[in-house]
Amino acid sequence: PIFGFFEIPFSDGRTDPEARELAKLWEDFFDKDLGQSLSPSSYKFARVIPATTRTISIDQKLDEKSAILNWENVKEYVESAVKKGKKLALLKCSCRIAFQNCDRPVEGCIAIGSAADYFLHRKKAVKELDLTEALDTLKKNLQAGLVLTTNNLQFGGDFICSCCTCCCVMLRSVKRYGNQNVIEKSNYIPKIDRDQCTECKMCVDMCQFGAWTNDIEFIKDKCVGCGVCEVNCPVEAISMEKEKDLVPAKNAREMWEKVAATVIE
């Protein structure tokens, strides 16, 4: 996969006949081959960022018990980029523009650093963001049930996408074809406090992967560890807890080397 090859033509919201024809070609390609064959490596090039009510808010600090690593804390991930002088740019979601399979927020993807410079310079971004605006955007998208994804590396990522299983090529590959090579699940899974739970079924309604049954039973194998259920639980009966300790590549070069070295024949 080459980032931008699909995204750039749709990133400014094009819906003219040429763009619609291009979208149809991509959809045909996805159905015939891409959905099942995307990223044929055991090392995934993208990962889910675990979100919680604690790590998405700019005015909250984590205690030692709940602290998670910088690269999997969405607030600190964005904050560290800003501290290093990197720009943030709000983009329209190319997948939802192209495929139009849902009505979730379109203005939701955030480009970082050189990627932000690229889209801003070519006037393909909605606008430049500051830290507060970026976190507010991500929180709004989580509340809409979207899953936060980024490069599968510790630092130097060039985007944070807000994804859906309706349009996103990666998440559709997982849900429709069971393609587990596309995206790395987060290290976290939800835990529910049965005494606190009011059985409102918000978690059932918001989960895009069917990881909660109508009886509010958790199906671990279907969960990607996104935290949407925790962020949207009205009584805070759900919390994200660490289950494993997978550590991604340190930088982009190491990430792509691992992708290339682990191609599944």
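Q: Is Gly-157 buried or exposed in this predicted model?
A: The model is a predicted one. Gly-157 sits in the loop between β5 (147–151) and β6 (159–163). Buried means under 20% relative accessible area. The relative accessible area of Gly-157 is 7%, so Gly-157 is buried.

Q: Which residues does Gly-157 contact, leaving aside its neighbours within four places in sequence?
A: Contact means heavy atoms within 4.5 Å. With neighbours within four places in sequence left aside, the contacts of Gly-157 are Tyr-77, Ile-112 and Asn-151.

Q: How many Å apart in space are Gly-157 and Gln-196, C-alpha to C-alpha?
A: In sequence, Gly-157 and Gln-196 are 39 residues apart. In space, their separation from C-alpha to C-alpha is 37 Å.

Q: Is Glu-230 buried or exposed?
A: Glu-230 belongs to helix α8, which covers residues 228–232. Not counting residues up to four places away in sequence, Glu-230 touches Thr-52, Thr-53, Arg-54, Ile-238, Ser-239 and Met-240. Its relative accessible area is 4%, and therefore Glu-230 is buried.

Q: Which residues of helix α6 are buried?
A: Helix α6 covers residues 169–177. The cut-off for a buried residue is under 20% relative accessible area. The buried residues of α6 are Val-169, Met-170, Leu-171, Arg-172, Ser-173 and Val-174.

Q: Which elements do the buried residues of α6 pack against?
A: Packing here rests on contact, with heavy atoms within 4.5 Å. The partners include both helices and strands. They are α1 (17–37), β1 (46–48), α3 (94–99), β5, β6 and β7 (183–184).

Q: Which residue with a positive phi follows α6?
A: The phi of this residue is near 65 degrees. The residue that follows α6 is Gly-178.

Q: What separates Lys-24 and Asp-28 along helix α1?
A: Lys-24 and Asp-28 form a salt bridge, and their closest N and O atoms are 3.2 Å apart. An α-helix has 3.6 residues a turn, so residues three or four places apart point the same way. Because Lys-24 and Asp-28 are four residues apart in helix α1, their separation is about one helical turn.

Q: Is Lys-24 buried, partly exposed or exposed?
A: Partly exposed covers the range between the buried limit of under 20% and the exposed limit of over 50%. Lys-24 has a relative accessibility of 47%, so Lys-24 is partly exposed.

Q: Which residue forms a salt bridge with Arg-253?
A: The closest N and O atoms of this pair are 3.2 Å apart. The partner of Arg-253 is Glu-257.

Q: How many salt bridges are counted?
A: A pair counts when a side-chain nitrogen of Lys or Arg is within 4 Å of a carboxyl oxygen of Asp or Glu. By this rule the number of salt bridges is 14.

Q: Which residues form a negative surface patch?
A: One member lies in the loop between β4 (127–129) and α5 (131–143), and this residue, Asp-130, is partly exposed at 42% relative accessibility. The patch consists of Asp-117, Glu-128, Asp-130 and Asp-136.

How values were computed: Residues are numbered from 1 along each chain as its sequence is written. This is a predicted model: local features need pLDDT of at least 70, side-chain atom pairs count only at pLDDT 80 or more; totals for chains, interfaces and linings use all residues. Side-chain values use heavy atoms; hydrogens and water are left out. Helices (H or I, at least four residues) and strands (E, at least two) are DSSP runs, numbered from the N terminus. Buried means under 20% relative accessible area, exposed over 50%, partly exposed in between (1.4 Å probe, protein chains only). Patches are made of residues with over 30% relative accessible area and no salt bridge: like charges are joined within 9 Å, nonpolar side chains (Val, Leu, Ile, Met, Phe, Trp, Tyr) within 5 Å. Accessible areas come from the Shrake-Rupley method with a 1.4 Å probe; for residues, only the protein chains shown count as cover. Lys and Arg count as positive and Asp and Glu as negative; His and the chain ends are not counted. The place of a charge is taken as NZ of Lys, CZ of Arg, CG of Asp or CD of Glu.
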